[in-house]
Amino acid sequence: MTTMADPPTTIATAADDDGYRILALYKFVDPKLNADDLPALKQSIESHCRAHHVRGSLLLAPEGINGTISYPCKSTTEDPVVAFLESQFPGLRTRISTSQGHVFYRLKIKVKKEILTCRTTTTATETEQQQQQQQQQPQQQEEQDLLTLDPTQQVGQYVPPGPEWDALLRDPDCLVIDARNDYEVRIGTFQNAQDPNTSTFSELIPWMKTALQEQKPKKVAMFCTGGIRCEKATAACMDLARQQQQEDIPVYHLEGGILAYLDTVPAKESLWQGACYVFDQRVAVTHGLQAAPHYTMCHACRAPLSHEEQEGHPDFIHGLQCRYCKVARSHKSVERATARQKQIELAQQKGLLHIHDPKEKVLRVLAQKDGVVGDSGDEEAPEMLA
Ligand SMILES: [Zn+2]
């Protein structure tokens, strides 16, 4: 698992004195890993993670690794988790922020076909709906199969957060694409960015195709939370431009994503507006990667909810539904959410966490004592997106 041609990619970390680190990471590898080796690699990473009390989600696939984890770590000592993962994945792209406690309830490491899928992205509430859509769009899928979605073969030009990126945002000839999903864009985005209004990453490619055709931009720039989606999206965009005889268009992406921008650009100089959705209990972060206040996550659909969309909103039922999932949800997901909410309330009455990881040594821990942040669900994000 080496990546010979890669530039040094680990990005500097924020100051961390709070005791817990939140590490967002990904790496696309070249050559690909052997699928047969992944179970052993998973086991090795898992035992290392458990030894360091790591929680969160990691995906492993022949194309690489992707995930977000949290763990206790003193700022004065070397970070053994990063060191180990970098030894397994040289050139690992990382973004570290800090917290006063874990932002996940348990550790999950999964072996998958891809670390970021472009075709079968599903959410807990929309699986059936999307399966229907996929059946209805065979042509779209075939077109997508012809695109290069391997960022180790081709990828857009990285632009660091700061003046160079801001110049692209201000450039009227540049099509700036927010490569994230609608529920993420809703609570914050860059000035002048276009919202493709997608509910899954798979929908971004057909949107880009139309945007190139109709807007005929001279440049394209895109961004996502931590950069992983733009790795595949810029690769696809370069192919789409070529198909439309627009191969000379430069395609850029924000290096390290929004998280890098918020980590390095001061609020008063920033062209970022709002908060950045993250797939953990913080729900959203803002400049300095501080948790954004006033947001909570719908337990049913994981949509970020502003203060006004929570208690008091006619469509909000705590733990069961919000204004965004009220209509779309299947009967089954309503049942799941109801059962889950009962579990939470029962555990809260007893002063216990509602879910525990049976593999962790401490099974019953008071939420406050353990420093768990927030009150959102423990299930892994429907898509591991950074
Ligand atoms: Zn909801």
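User: Why is strand β4 largely enclosed by the rest of the structure?

Analyst: A residue is buried if 20 or more other C-beta atoms, placed from the backbone, lie within 10 Å of its own, exposed if 12 or fewer, and partly exposed in between. Strands are DSSP runs of E, at least two residues long, and helices are runs of H or I, at least four, numbered from the N terminus. In β4 (residues 93-99), seven of the seven residues are buried, so the strand is largely enclosed. Arg93, Arg95, Ser97 and Ser99 point one way, Thr94, Ile96 and Thr98 the other.

This is a predicted model: local features need pLDDT of at least 70, side-chain atom pairs count only at pLDDT 80 or more, and totals for chains, interfaces and linings use all residues. Numbering starts from 1 along each chain as its sequence is written.

User: In which sense do β1 and β4 pair?

Analyst: Two strands pair if DSSP finds at least two bridges between them. Strand β1 (residues 20-28) and β4 are antiparallel, with seven bridges. Tyr26 stands opposite Arg93 of β4.

User: What is the order of the four strands in the open sheet?

Analyst: The order is β6-β10-β9-β7, with parallel pairing. At the edges, β6 (157-159) and β7 (174-178) each pair on one side only. Between β6 and β10 (residues 251-254) there are three bridges, and Gln157 has Tyr252 as its bridge partner in β10.

User: Which residues touch the most other members of the largest nonpolar core?

Analyst: Such a core is a set of buried Ala, Val, Leu, Ile, Met, Phe, Trp, Tyr and Cys residues joined through C-beta atoms within 7 Å. Here the largest has 90 residues, and Val220, Cys237, Cys276, Ala284, Val285 and Cys298 touch the most other members. Helix α8 gives the most to this core, nine residues.
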